[in-house]
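Reader: Hi! I have a structure open and would like to talk through its side-chain contacts with you. Could you take a look with me?

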Amino acid sequence: MKKLKLPALVYLIFFFMNTTTSSAAGLAKISYTVSFPEAQAHYVDVEMNITGLAQPSLEVKMPVWAPGSYLVREFAKNIESLSANTKGKEITALKINKNTWKINTAGLTSVTIKYKVYAFELSVRTSFIDVSHAFLSSTGIFLFPKGMLAQPSTITIKPYKDWNKVSTSLEMVNGDVFTRTAPNYDILYDSPLEIGTQDVFDFDVDGTHYEVAMYGGGNYDKERLKVDMAKIIREEAAVYAENPNKHYTFIVHNKQRNGGGLEHLSSTVLGASRDQYGNERGYHGFLGLVAHEHFHLWNVKRLRPIALGPFDYDNENYTTNLWIAEGFTAYYQNMILRYAGLSTPEGYLGDMASDINTVENQPGTKVQPLSESSFDAWIKSYRPNENSYNTGISYYDKGAVIGMLLDLEIINNSNGKYSLNDVMKYMYNTYYKTKKRGYTDAEFKAGFEKFAGKNLDDFYAKYINGLAAIKYDKYLGYAGYKLTDDLAASNDPTLGVFFNQRNIITTVVRGGAGWVDGLNVNDQITNIDDTPVTDLNAVIKGKKVGDKIVVTVSRDGQSFKIPVTLKRNDNVNYKITEVPNATPQQLAVRKKWLRL
Ligand SMILES: [Zn+2]
């Protein structure tokens with residue numbers, strides 16, 4: 001295992017960011033020891049030592065959320081048996097709110113706090129422990145002393161049985177794999193740890209060392225991954241003209257079915273299905289996830305909305321700009337694969353058409369503006385319910401579409417001189433590197449305008465803060481493309497509901513037949529026109545638009561007959577196709593956009 005080290009620049013910036021939020025913490029020194037005497041029962045034992053104290057009382061707190069995942073998760077709910085002592089003598093730790101304990105430290109110079117954390121949720125933003133490994137997502141494991149977020153800390157890991165590896169971006173102390181240090185809490189909370197017997201491989205890209213820690217096995221080909229991941233990394237660094245990390249860690253959790261990822265400053269956690277590397281679609285999906293999470297090391301971890309850092313670990317951190325932080329990252333995840341030659345122009349256009357279809361088919365796109373989708377992520381996107389499809393739009397999907405529109409606008413209006421890449425690089429240099437702070441909404445807009453060479457008030461009013469129908473053909477037309485709807489001529493009937501394998505309705509689509517005639521979520525459809533139904537899709541397909549049918553549903557243990565008039569399925573299935581006789585200007589924009 002190679003020594004992992006964060007670049008000095010990152011330390012400096014986070015130190016700078018935190019000095020304003022933290023009271024002078026004096027000479028307090030903080031260390032943690034984590035051990036796993038009950039790994040089989042999914043517990044980690046944490047001992048936190050603070051020395052050099054000189055204050056009458058101390059509050060220790062557990063973050064309520066993990067940056068990058070915009071939901072209050074109440075990590076303190078997994079803490080039990082918290083106790084405090086000083087030199088072995090028990091002292092009172094009084095719980096004063098959901099995530100805070102107060103300790104009387106008058107006259108004391110040191111305190112030891114012991115607690116257990118239950119960890120049985122293997123996701124990219126939560127912790128999991130069993131006998132095979134420990135994945136510690138730091139925001140749910142380590143308490144912080146209030147007012148000391150700028151303080152460094154060390155972590156000593158006492159591994160369970162045969163665990164012999166630690167994969168994290170936290171630096172080793174004295175070359176010891178099991179002793180790590182964080183220069184401050186923002187770095188600690190941005191550095192998950194994978195501890196166990198994971199399969200680790202590494203490679204270098206233009207002076208940056210990459211380590212990939214594979215947990216759970218899988219049919220991956222390490223040599224192919226090294227080559228393709230390096231291509232992605234190189235293209236991403238080229239967008240910003242630098243790679244700020246000297247070391248970077250990919251932690252990959254391979255399960256029977258898994259996916260998703262969470263970005264960090266100098267590492268990321270990815271979910272994958274063990275068998276997905278063996279087929280081209282699955283492999284392409286994994287590379288897309290790599291491209292997405294790695295792109296975040298610039299876009300959101302460094303070039304960030306002003307609300308996202310220094311973080312408030314006790315509360316929601318609101319921003320209207322997740323369509324840039326996440327949506328543009330989703331846009332680039334496809335574009336980078338195209339730049340790297342890992343997807344064809346046709347494949348790329350197919351990926352973009354898929355995003356457009358998702359946006360256009362979702363009724364919520366006419367209800368929730370993009371900026372609001374971002375702001376309300378905490379209570380809506382991350383807390384979806386059966387009606388979310390009707391009331392909201394994903395800032396990933398629509399944000400990616402907006403990224404495409406702006407990229408095309410900038411390329412076209414600058415006659416191919418600039419692209420969205422120039423905006424990203426300019427914003428990174430201006431706000432992360434020079435001003436050393438996040439950007440405001442108005443500042444990013446000004447960045448677009450600088451390279452597009454035009455005012456974007458109208459664009460923002462319509463597509464970012466408003467609900468106007470997007471004029472796709474205007475923007476795609478710059479590159480000699482247009483949308484073609486495969487379903488334009490179809491006249492297929494639909495019930496206007498989503499249902500599961502047991503014909504239980506999971507969503508009633510706004511404005512559809514089921515919505516108008518009163519089908520409910522949780523209704524189980526048992527009969528159509530008094531005939532018992534198993535293959536509901538086939539039955540509806542055999543009908544015509546305007547047919548009046550009787551749907552028998554089981555609702556809360558009672559049977560109801562509900563007359564429904566079938567409506568036309570208004571879903572679109574767009575493809576991005578070439579316009580005939582594209583002009584040289586259009587072909588030039590296309591060439592620049594798709595790197596032809
Ligand atoms: Zn993301």
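**Salt bridges, zinc and helices**

Author: Happy to! Glu578 is exposed, with a relative accessible area of 52%. Keep in mind that this is a predicted model.

Reader: Which residue does Glu578 pair with in a salt bridge?

Author: The partner is Arg590, with 3.6 Å from N to O. Arg590 sits in helix α16 (residues 584-594) and Glu578 in strand β31 (residues 574-578), so the bridge ties together parts that are twelve residues apart in sequence.

Reader: And is Arg590 buried or exposed?

Author: Arg590 is buried, at a relative accessible area of 7%. For comparison, Glu578 is at 52%, which counts as exposed.

Reader: Nice. How many salt bridges are there in the model?

Author: The count comes to 26. Some share partners: Arg224, Asp228, Lys231 and Glu280 are joined into one network that way.

Reader: Which residue does Glu38 meet in a salt bridge?

Author: Lys116, at 3.4 Å from N to O. That pair links distant parts of the chain, 78 residues apart: Glu38 is in the loop between β1 (29-35) and β2 (43-51), while Lys116 is in strand β8 (residues 111-118). Glu38 is partly exposed, with a relative accessible area of 31%.

Reader: What about Lys222, which residue does its side chain meet?

Author: Asp199, with N to O at 3.0 Å. Here helix α3 (residues 222-240) supplies Lys222 and strand β17 (residues 199-205) supplies Asp199, and the two residues are 23 apart in the chain. Lys222 counts as partly exposed at 31% relative accessibility, and Asp199 is partly exposed as well, at 24%.

Reader: Changing topic: which residues coordinate the zinc ion?

Author: His292 and His296, each through NE2, and Glu326 through OE, at 1.9 to 2.0 Å. Written as a sequence pattern, the donor spacing is H-x3-H-x29-E.

Reader: Where do His292 and Glu326 lie?

Author: His292 lies in helix α4 (residues 280-295) and Glu326 in helix α5 (residues 322-339), so the pair ties together parts that are 34 residues apart in sequence. His292 is buried at 6% relative accessible area, and Glu326 is buried at 1%.

Reader: Now helices. At what angle do the axes of α9 and α11 cross?

Author: Roughly 35 degrees, and the axes come within 8 Å. Helix α9 covers residues 397-413 and α11 covers residues 441-452. Leu406, Ile410 and Asn413 of α9 make the contact with Phe448, Phe451 and Ala452 of α11.

Reader: How many of those contact residues are nonpolar, polar or charged?

Author: Five are nonpolar, one is polar and none is charged.

Reader: Last one: how far apart are the end C-alpha atoms of α6?

Author: They are 24 Å apart. Helix α6 (residues 345-361) has 17 residues, and at 1.5 Å a residue these should span 24 Å, so the two values agree.

Reader: And which residues of α6 are buried?

Author: Pro345, Tyr348, Leu349, Met352, Ala353, Asp355, Ile356, Asn357, Val359 and Asn361.

Definitions and conventions:
Residues numbered from 1 in each chain as written. Predicted model: local features only at pLDDT ≥ 70, side-chain atom pairs only at ≥ 80, totals over all residues. Heavy atoms only, no water. Salt bridge = Lys/Arg side-chain N within 4 Å of Asp/Glu carboxyl O. Helix = DSSP H or I, 4+ residues; strand = E, 2+ residues; numbered from the N terminus. Buried < 20%, exposed > 50% of the residue type's maximum accessible area, 1.4 Å probe, protein only. Donors = N, O, S within 2.8 Å, 3.2 Å for Na, K, Ca; no water. Expected span 1.5 Å × (residues − 1). Axes fitted to C-alpha atoms, helices over the stretch in contact; angles between N-to-C directions. Contact = heavy atoms within 4.5 Å. Nonpolar A, V, L, I, M, F, W, Y, C, P; charged D, E, K, R; others polar.
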